[in-house]
Amino acid sequence: MPPSMTSFSDAALTALDNLADRASNLVNPSVRLGVTGLSRAGKTVFISSLVHNLLHGGRLPMFEPLQSGRISSICLEPQPDDTVPRFQYEDHIKALVEDRVWPDSTRAISELRLTIAYESASTWNRLTGPGRLSIDIVDYPGEWLLDLPLLDQDYDTFSRKTTELARTGVRAELSEEWLQLAATVDADAPADEMRARALAEAFTRYLRACKTDERSLSTLPPGRFLMPGDLDGSPALTFAPLPDLEEKSAIRGSLRAMMERRYEAYKTSVVKPFFREHFARLDRQIVLVDALQAINRGPEAVADLERALTDVLACFRAGRNTFLSSLVTRRVEKVLIAATKADHLHHESHRRLEVLTARLVDRAVKRIGMSGAGIDVIAMAAVRATREGTVKHDGHELPVITGTPIAGETIAGKTFDGNEKTAIFPGDLPENPESFFQHMDADAAGFGNWQKPEVNVVRFRPPHLEQTGEGITLSVPHIRLDRAMQFLFGDRLE
Ligand code: GDP
């Protein structure tokens with residue numbers, strides 16, 4: 001009797017998916033490019049600008065295949081996966097370019113296929129005729145990625161870890177309501193839907209509070225509590241960790257047993273399918289991080305970002321004999337960690353942002369004990385909303401950036417209307433990353449004197465697109481987007 005599908009292990013199913021991918025790859029070569037990052041990191045803006053620049057002849061000097069004139073055409077094509085929502089490029093680019101407002105952010109997974117026809121750089125490959133490469137861009141919330149470590153944790157471990165962290169630093173304050181409620185609950189009492197819901201809601205409020213602008217803490221799993229996608233309001237999300245559980249098995253029919261069952265169901269029906277159907281099929285990956293925002297918020301936000309980066313990199317560079325390595329049959333060959341929104345800084349500080357982010361990544365890589373092979377770091381702005389200039393102040397030339405602050409943005413007591421332009425002194429990042437981290441570590445341990453870098457992060461409107469002398473509208477301006485493209489798929493167009 002043939003084995004039923006359900007008797008296949010996850011690893012076998014992933015292998016089957018990969019086989020199917022490989023077969024279609026022979027006919028139409030493609031590369032699956034994952035785009036992720038925590039919410040508001042800049043995923044939607046990145047994909048929109050990348051596609052617009054490729055379709056509309058953007059300035060991309062560091063993207064070699066285009067620079068050397070080997071690309072003959074670039075177009076959007078129907079994506080290969082019919083059941084995944086399409087990335088609504090046209091809507092997003094209209095918002096960005098015509099309305100000059102930032103597009104709606106990523107809320108769930110989506111996909112877009114871009115196909116490039118090119119002339120190969122090598123004579124040998126040219127004999128086989130012009131090449132075609134499809135780039136399947138897969139946009140997904142970083143919150144979902146941070147769920148992967150849950151696959152290796154039982155409910156008790158998940159409860160313990162989550163509670164421990166909730167009791168540290170600023171999180172202690174934010175988790176107070178949830179933990180107080182949880183303290184009144186008897187885990188062994190009979191399961192009660194209303195109680196489970198109250199706990200899940202209080203826990204979600206805590207997670208949400210961590211993410212607010214003033215805190216900028218990186219998210220904790222379960223990722224769907226903040227980014228539910230199509231699971232919004234579903235019972236699969238009606239559970240929460242229970243603090244201080246006794247070391248024993250859950251009593252049948254108890255609240256603890258109910259929470260445990262739902263947690264396991266979350267893993268089986270939410271985390272695993274995402275892992276298998278999407279994550280395990282990626283070839284290349286860009287992880288966007290708003291490092292500037294975290295640096296601006298202080299040591300706890302930076303330490304938190306480092307923790308999130310460690311967890312993210314552990315997913316891509318799983319050590320041998322870990323639960324992830326047993327599931328992954330194809331390795332993400334290249335991972336680019338990109339610090340976004342560099343247009344908030346004067347170009348003199350771009351390098352510093354890159355160096356600081358590289359140190360964060362380095363520390364994360366060391367923590368998981370892996371090599372950083374195939375991982376690169378960049379500071380960039382997918383959309384450059386500012387221009388640079390200098391102003392004279394007390395006889396000194398000061399570097400400034402100019403742009404149109406979004407309506408309602410307040411700078412030095414003045415509120416902007418969304419039309420008026422202004423120049424600001426963007427501030428500086430520390431020159432020496434080592435001293436930055438020394439101070440940060442000391443401060444996080446409670447005995448430092450953290451000197452917050454003086455960076456002004458103003459939210460500017462997207463820019464007006466410029467026109468050439470011949471009246472041709474240029475593509476979306478950016479900073480180093482071409483370098484990102486070259487790293488992520490330039491080599492596949494050789
Ligand atoms: P997502 O949640 O990762 O999809 O984030 P978005 O792409 O929607 O970006 C979130 C917000 O960050 C946007 O609404 C912009 O305000 C800002 N942003 C993103 N990318 C850039 C950039 O390249 N430059 C500037 N100045 N702001 C950006």
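**Briefing on a predicted single-chain model**

T357 is buried, its relative accessible area being 0%. This residue belongs to helix α15, which spans residues 347–368. The structure discussed here is a predicted model, and its chain comprises 17 helices and 12 strands.

**The chain overall**

- Of the 494 residues in the chain, 52% are classed as buried.
- When contacts between residues at least 6 apart in sequence are considered, 77% of them link residues at least 24 apart.

- Once neighbours within four places in sequence are set aside, the contacts of T357 are V289, A291, I337, A339 and V377.

**The contact of helices α2 and α17**

- Helix α2 covers residues 43–55 and helix α17 covers residues 481–489; their axes come within 11 Å of each other and cross at roughly 90 degrees.
- The two helices α2 and α17 are therefore roughly perpendicular, since angles of 65 to 115 degrees fall in that class.
- On the α2 side, the contact is formed by F46, S49, L50, N53 and L54.
- On the α17 side, L481, M485, L488 and F489 take part.
- By residue class, the contact of α2 with α17 consists of 7 nonpolar and 2 polar residues, with no charged residue.

**The sheet of β8, β9 and β12**

- Three strands form an open sheet in the order β8-β9-β12, and their pairing is antiparallel.
- The edges of this sheet are β8 (387–393) and β12 (422–424), each of which pairs on one side only.
- From one strand to the next, the twist averages 45 degrees.
- Strand β9, residues 396–403, pairs with β12 in the antiparallel sense over 3 bridges.
- T402 has A423 of β12 as its bridge partner.

Definitions and conventions: Residues are numbered from 1 along each chain as its sequence is written. This is a predicted model: local features need pLDDT of at least 70, side-chain atom pairs count only at pLDDT 80 or more; totals for chains, interfaces and linings use all residues. Side-chain values use heavy atoms; hydrogens and water are left out. Axes are lines fitted to C-alpha atoms, for helices over the stretch in contact, and angles run from 0 to 180 degrees between N-to-C directions. Helices (H or I, at least four residues) and strands (E, at least two) are DSSP runs, numbered from the N terminus. Angles under 35 degrees count as roughly parallel, over 145 as roughly antiparallel, 65 to 115 as roughly perpendicular and the rest as oblique. Contact means heavy atoms within 4.5 Å. Ala, Val, Leu, Ile, Met, Phe, Trp, Tyr, Cys and Pro count as nonpolar, Asp, Glu, Lys and Arg as charged, and the others, Gly among them, as polar. Buried means under 20% relative accessible area, exposed over 50%, partly exposed in between (1.4 Å probe, protein chains only). Two strands pair if DSSP finds at least two bridges between them.
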